[in-house]
Amino acid sequence: MISVIGIYDFLKRNIKLRRLSLLALTAVFAVLIYGLKYNEDISDFIPLGTSDREALSVYQKISGADRLVILFSNPGDEDRTVEAVDRFEELLSDTDTAGWCNDFMATFDMSAIQEVTGFVYDNMPYFLSETDYERIDSLLAVPGYIHDCLVRDKEMLMFPAGGLVADNISHDPLSLFSPVLSRLNQSDGQQNFEIYDGHIFTPDMSMAIATLTSPFGNSETEYNSKLVRMLEDVARKTGVDYPEVEIHITGGPEIAVGNSSRIKADSITAILISVVLIVLLLIYSFNSFRNILLIFLSIGWGWLFAMGGISLFSGSISIIVIGLSSVVLGIAVNYPLHLIAHLSHQQDIRSAVKEIASPLIIGNITTVGAFLALVPLQSAALRDLGLFASLLLAGTILFVLLSLPHFVKTGSAPRKHA
């Protein structure tokens with residue numbers, strides 16, 4: 001490969017330029033990484049288009065996936081439980097300076113029910129099935145149906161309690177969507193609650209219930225973790241005044257925060273195991289600590305190159321993808337390993353680079369091409385994985401062919417084992 005050898009000769013002659021260019025590129029990648037955002041949303045692995053994500057967002061809102069539930073347990077003493085709930089709300093109001101918990105609800109609120117109903121009406125197309133469309137067509141085809149519905153609506157509004165149904169009539173004057181609301185109500189048909197002193201209790205009165213919708217949704221674990229910690233802190237303070245009341249926090253965001261912590265721990269564990277195994281293998285195979293460090297320097301620079309590239313292309317990356325990068329490390333380590341191992345029978349570095357450049361580049365292109373096949377997929381996490389792996393391998397081989405030959409020394413061949 002004349003071009004690679006030409007670059008090698010040029011950098012060999014211009015030592016200052018070689019060092020400054022490497023430092024400058026490393027600094028640029030480090031700055032790019034600083035602005036990179038990380039997420040731990042497992043749903044990123046699900047292939048979703050724009051309309052699918054909108055539907056998922058609507059489903060999460062209506063199903064309560066972004067809702068936190070605070071349970072106050074003190075069986076047999078409802079009055080003390082109510083006092084604990086009120087104290088919790090008071091402390092939360094003082095602590096929540098950012099306004100994250102403005103919709104905290106511990107008492108029965110009719111306006112919240114109307115808000116949910118309004119949300120369903122505003123997003124009604126997402127809840128309609130083919131059967132619903134057929135039923136609507138059939139009703140509108142009935143002669144006089146619209147006139148009869150409007151007459152009935154007028155009569156209902158004239159009753160003394162007409163104000164209670166005015167909102168539903170304004171949303172659905174022809175009663176076309178009533179079966180949809182009935183289905184949604186039936187889904188919660190078994191979830192009955194008791195009202196005591198305006199507070200919501202379970203049917204057996206053993207627990208009071210308060211709810212809170214996370215303003216960050218179900219998948220934004222960075223801020224949800226801060227929200228959960230704040231709620232836990234308020235719960236501890238409430239427990240000081242009411243030690244007999246047990247307070248538990250649960251719900252989609254809290255579960256997501258726990259999953260996020262588990263994902264981070266597993267990702268770090270996977271990478272550490274991969275690195276340890278590679279280190280042990282290199283120590284067994286090489287008699288040069290310097291060469292072992294150069295191998296990891298090559299991989300580290302490739303990782304820096306990949307993270308900087310991800311920052312330019314997408315601006316964010318899944319923590320799960322970084323954990324999966326432990327698989328790619330096993331591939332990337334082959335590039336510096338080939339160059340250093342080749343010096344066991346070729347003591348001239350320039351000749352060694354010339355001999356291995358072509359097979360290394362061809363092998364790199366085929367492997368990078370395989371990972372790039374993931375980029376067109378609709379799954380955001382798989383796209384990140386394909387792009388990250390491709391950039392990691394490309395960055396590593398660039399360092400191996402252009403920079404590593406100027407660091408490595410001859411005379412440090414791998415050990416020969418019987």
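How many aromatic pairs does the count come to?

## Aromatic pairs

The count comes to eight aromatic pairs. The model is predicted. One of the pairs joins F72 and F88 in an edge-to-face arrangement. Their centres lie 5.4 Å apart, and the planes stand at 80°.

F72 belongs to strand β2, while F88 belongs to helix α4. The pair therefore ties together parts that are 16 residues apart in sequence. F88 also takes part in the contact of α4 with α10.

## The open sheet

Five strands build an open sheet. Their order is β3-β4-β5-β2-β6, and the pairing is antiparallel. The edges are held by β3, residues 194–196, and β6, residues 246–251. Each of these two pairs on one side only. On average, neighbouring strands are turned by 35° against each other, direction ignored.

Which residue of β4 stands opposite Y196? It is H199.

## Helices across the sheet

Helix α10 lies across β2 (67–73), β5 (207–213) and β6. Its direction is at about 165° to β6. Angles over 145 degrees count as roughly antiparallel.

Helix α11, residues 252–285, lies across β2 and β6. Here the angle to β6 is about 80°. The range from 65 to 115 degrees counts as roughly perpendicular.

## Helices α4 and α10

Helix α4 spans residues 78–95, and helix α10 spans residues 221–241. Their axes come within 9 Å and cross at roughly 135°. The two helices are therefore oblique to each other. The crossing is right-handed.

From α4, the contact draws on R80, A84, R87, F88, L91, L92 and T95. From α10 come M230, L231, V234, A235, K237, T238 and D241. By class, the contact holds eight nonpolar, two polar and four charged residues.

## Helices α14 and α16

Helix α14 covers residues 334–342, and helix α16 covers residues 380–402. They pack at an angle of about 20°, with axes 9 Å apart. The two are therefore roughly parallel to each other. The crossing is right-handed.

On the α14 side, Y335, P336 and L339 make the contact. On the α16 side, the residues are L393, T396, I397 and V400. Six residues of this contact are nonpolar, one is polar and none is charged.

## Helices α13 and α14

Helix α13, residues 319–332, also has a contact with α14. The axes come within 5 Å and cross at roughly 20°. This makes α13 roughly parallel to α14.

G330, I331 and A332 of α13 meet N334, Y335 and P336 of α14. The residues divide into four nonpolar, two polar and no charged. Y335 and P336 of α14 take part in this contact, and they also take part in the contact with α16.

Technical notes:
Residues numbered from 1 in each chain as written. Predicted model: local features only at pLDDT ≥ 70, side-chain atom pairs only at ≥ 80, totals over all residues. Heavy atoms only, no water. Axes fitted to C-alpha atoms, helices over the stretch in contact; angles between N-to-C directions. Helix = DSSP H or I, 4+ residues; strand = E, 2+ residues; numbered from the N terminus. Parallel < 35°, antiparallel > 145°, perpendicular 65-115°, else oblique. Left-handed = near helix turned anticlockwise from the far one by under 90°. Contact = heavy atoms within 4.5 Å. Nonpolar A, V, L, I, M, F, W, Y, C, P; charged D, E, K, R; others polar. Pairing = 2+ DSSP bridges. Phe/Tyr/Trp six-rings, centres within 6.5 Å; stacked < 30°, edge-to-face > 60°.
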